[in-house]
Number of protein chains: 2
Amino acid sequence: MQMIDNSLRTTNGPPIPSSSSSSSSLSSQQPTPPSIMTILLRLYKIFLWITQISRLTILLMKTLAGPLCAAIRPGRKKNVENKVVLITGAGSGLGREMAIKFAECGAITILWDINETTVKQTAEMIEEIVNSIHYHYHHNSSKQLTSWSVVDVGDENQVAQAAQKLRNQFGDVDILVNNAGIAPCEPFKNLKSEKIREIFDVNIMAHFWTVKQFLPAMEKNNSGHIVAIASSAGIMGSPYFTAYGASKHAVVGFMKCLYEELDENSQIRLTTVCPLGISGTGIDIPTKTRFPWLLPVMPLEYAVGLIFDAILREEELFVVPKTFKWIHRLLSIFPQKMASTIWKCLDYSVVPTGLYAPIGRAHYHDRIYRKLSLANGYVHHNNHHHHGSTHQHGQTNQINNNNNHHHSSSPSSSNLSSSSPPHRPSRSSSFRY
Amino acid sequence: MQMIDNSLRTTNGPPIPSSSSSSSSLSSQQPTPPSIMTILLRLYKIFLWITQISRLTILLMKTLAGPLCAAIRPGRKKNVENKVVLITGAGSGLGREMAIKFAECGAITILWDINETTVKQTAEMIEEIVNSIHYHYHHNSSKQLTSWSVVDVGDENQVAQAAQKLRNQFGDVDILVNNAGIAPCEPFKNLKSEKIREIFDVNIMAHFWTVKQFLPAMEKNNSGHIVAIASSAGIMGSPYFTAYGASKHAVVGFMKCLYEELDENSQIRLTTVCPLGISGTGIDIPTKTRFPWLLPVMPLEYAVGLIFDAILREEELFVVPKTFKWIHRLLSIFPQKMASTIWKCLDYSVVPTGLYAPIGRAHYHDRIYRKLSLANGYVHHNNHHHHGSTHQHGQTNQINNNNNHHHSSSPSSSNLSSSSPPHRPSRSSSFRY
């Protein structure tokens, strides 16, 4: 039996020196012809391997088929007509624009935001759209096609209550867009503990609370779509974004783990979006880009258009702009130090709020780039026309979980959201992309 | 001026169609010889480009020099003699073994853990070592060389108090090892909200609280080393690890962002450790590996040896085993779906606690593998000898921040730590690696 054991193992790797003296005495003997039992076991082993390798081949071909079909027929998008779509942080920026896109396609949009004023504005915009396209999509409908709630997504209780209300009114959610987020951009040493907790509550914990509410029904129906708006900071390191970057990495990790956990044949789709630099989202962080043709600061509408298409195509991980996607993939092969150096030469970064004298690694390059900026004109500040320049989508407005004085406790965040434009920019604004 | 503007931009990318009619009329005219001003600006532009490219080349060569030197002289390790080393979660598993390694090299070890019994045991082990090597390293010293505290690292106040005590007694921390972590392995739908919060408090928030305490002194002294024990789940998706994976992704993200934020010439070192599968860390999650020769479940001491060496070599990102590092890098180039399929065929995964009927994607493979497991014998359960099999380091035992009844509120975690062996396994145990 000892010999059979050894012969089995050798097919997997080098033979293991056995501690028992009986086997060592066996191996020192003359080679004996293998017994029928051994041969049969070996054949069985080979059969198993063939099975496994063919299964792997089939699985890989099946996996390849999807992207190949998509490449041949890129226009294939899913229909969201009459689907129930929940968008968090829908009061401004990316959330508002996405809500409008969904409404334009005939979806039933449910808007959540912590800021009552801005979410109401979005709802009003959508009602206008709904009224104008009403006869195209919903001939017979007298039912409500949009709804808004003031929800602090970082607070599990508020999420649970709003979710219950939503289910009573509209039934199960078909598409959950976890978009709400805050993007404080500060050097690590300036980050207050409360701020760190707030970032985690809004940017990642909220995903757990909403998915907990809506995934069970999706699993029951074996359909649904969960979208997470992460960030470029969720797949790479960015200075001044320690807490934000950590929380966005967590979002990417959460979605990856959830993807692995879902059933192989599950019809539930997951989409993680990692955009690099969108301007005009309502948070005032200046972004500088050295090669705008390579890594542009995308205007909000352009970015939302791309992201919305990716959602309809049900992409798993959508990194935008495409150039960033490839640069990131390329850099991920290099050691961290080299990748960091190359990325710094591309010099796409944010200028932290309230930081008058730049510090850290970024400073090293800042000195040179500041000299050049006049000649090249590549430093975009948020007061420039339409380069409203925030590194992030980042909508809205959140307060700490432990704090009971919700709205009064976050003057800065309410400032942020109130500073976002009440009316969306006209579609004719001319950007070159 | 319009023309100059255009000529400047064309070097950066395609010419921008200007909306003003004056420039379009210019371009339709016969080409006029460029003015001296234009030529000078162009030359200046070219000069700037040459400067930038040479700077990039020098930077890359400088960056390459380090790894090249390390490859030629791989034995170069830093000296930790008499350095003040703080290790969190030092009561068991990876933390205990690392503490012992540091003590053996003559470092002053400060042990933090939430579990008084186990951290005391570690301290006793270290005292023995210190006494035996006392005459080698510390001829003249009558000073204390180790110390332990009961600290819940997820609680900022406890961290701050313990840090103050530490500074009074030993001065600044030279090496901070953020090791404490918990690894509940459960399907998403079974995860309790309290558990999710606990995971984030111990696994990532603790890093903020400790780094906040000790980074300022490191920056002042321009020396120091911060080590984060993340996980393979911090760089890839794993089923049944949604919260754990998210928190570990956050650790990796935090360290990456901190790295980018530190000054270019900073002497502070950062090391992020991502191990895949270590057995014998005291948490009872069975791990199965299909190709042990490719992706082994590493015994604790072997893993700690590698990790300790990487810390002394000051590596930025240490992924272990090496095979996993290369498989992960390779897979990161593929689309998520394909990478996931290939990874699943390698079948390295954990069996979640309390999950009697496996669900999800993992199940698909589980069915086949369960059939094969008898023939191949590759399913390692934690009751096997020395394949104590946890996916993760994961020491300690933590309780929720918001809960005041600290120790009584976490029966499961105290169970975990009490189940860890009180005495470390003898060094002579024979593993083949």
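Q: Where is N222(B)?
A: N222(B) sits in the loop between α7 and β5 (224-229) of chain B. Keep in mind that this is a predicted model.

Q: And what is phi there, at N222(B)?
A: Phi of N222(B) is near 50 degrees, a positive value in a residue other than glycine. Most residues other than glycine have a negative phi.

Q: Which phi does Y240(B) have?
A: Phi of Y240(B) is positive too, near 65 degrees. Y240(B) is in the loop between β5 and α8 of chain B. At 2% relative accessibility, Y240(B) counts as buried.

Q: OK, peptide bonds. What is the one from V320(A) to P321(A)?
A: That bond, V320(A) to P321(A), is cis, with omega near 0 degrees. P321(A) lies in the loop between β10 (317-320) and α10 (322-331) of chain A.

Q: And what joins V320(B) and P321(B)?
A: A cis peptide bond joins V320(B) and P321(B), with omega about 5 degrees. P321(B) is in the loop between β10 (317-320) and α10 (322-331) of chain B. Most peptide bonds are trans.

Q: Switching to the pair. What rotation superposes chain B on chain A?
A: A rotation of 180 degrees, with 0.0 Å of shift along its axis, at an RMSD of 0.1 Å. The two copies are therefore related as by a two-fold rotation axis.

Q: Which residue of chain B comes closest to the rotation axis?
A: A250(B), whose C-alpha is at 2.3 Å.

Q: How many residues are in contact, and how much area is buried between the chains?
A: 86 residues of chain B are in contact with 85 residues of chain A. The buried area is about 8400 Å², and carbon and sulfur atoms give 61% of that. The copies meet through the same surface, because 99% of the interface residues of chain B are also interface residues in chain A.

Q: How many salt bridges across the interface?
A: There are 2 salt bridges between chain B and chain A. One of them pairs the side chains of E156(A) and R197(B), at 3.2 Å, N to O.

Q: Which element gives the largest share of chain B's side?
A: α8(B), with 14 residues. The side of chain B that touches chain A divides into 48 nonpolar, 19 polar and 19 charged residues.

Definitions and conventions:
Residues are numbered from 1 along each chain as its sequence is written. Chains are lettered from A and ligands numbered from 1 in the order in which they are written. This is a predicted model: local features need pLDDT of at least 70, side-chain atom pairs count only at pLDDT 80 or more; totals for chains, interfaces and linings use all residues. Side-chain values use heavy atoms; hydrogens and water are left out. Copies are superposed by least squares on the C-alpha atoms of residues with pLDDT of at least 70 in both. Contact means heavy atoms within 4.5 Å. Buried area is the accessible area (1.4 Å probe) that two parts lose on being put together, summed over both. A salt bridge is a side-chain nitrogen of Lys or Arg within 4 Å of a carboxyl oxygen of Asp or Glu. Helices (H or I, at least four residues) and strands (E, at least two) are DSSP runs, numbered from the N terminus. Ala, Val, Leu, Ile, Met, Phe, Trp, Tyr, Cys and Pro count as nonpolar, Asp, Glu, Lys and Arg as charged, and the others, Gly among them, as polar. Buried means under 20% relative accessible area, exposed over 50%, partly exposed in between (1.4 Å probe, protein chains only).
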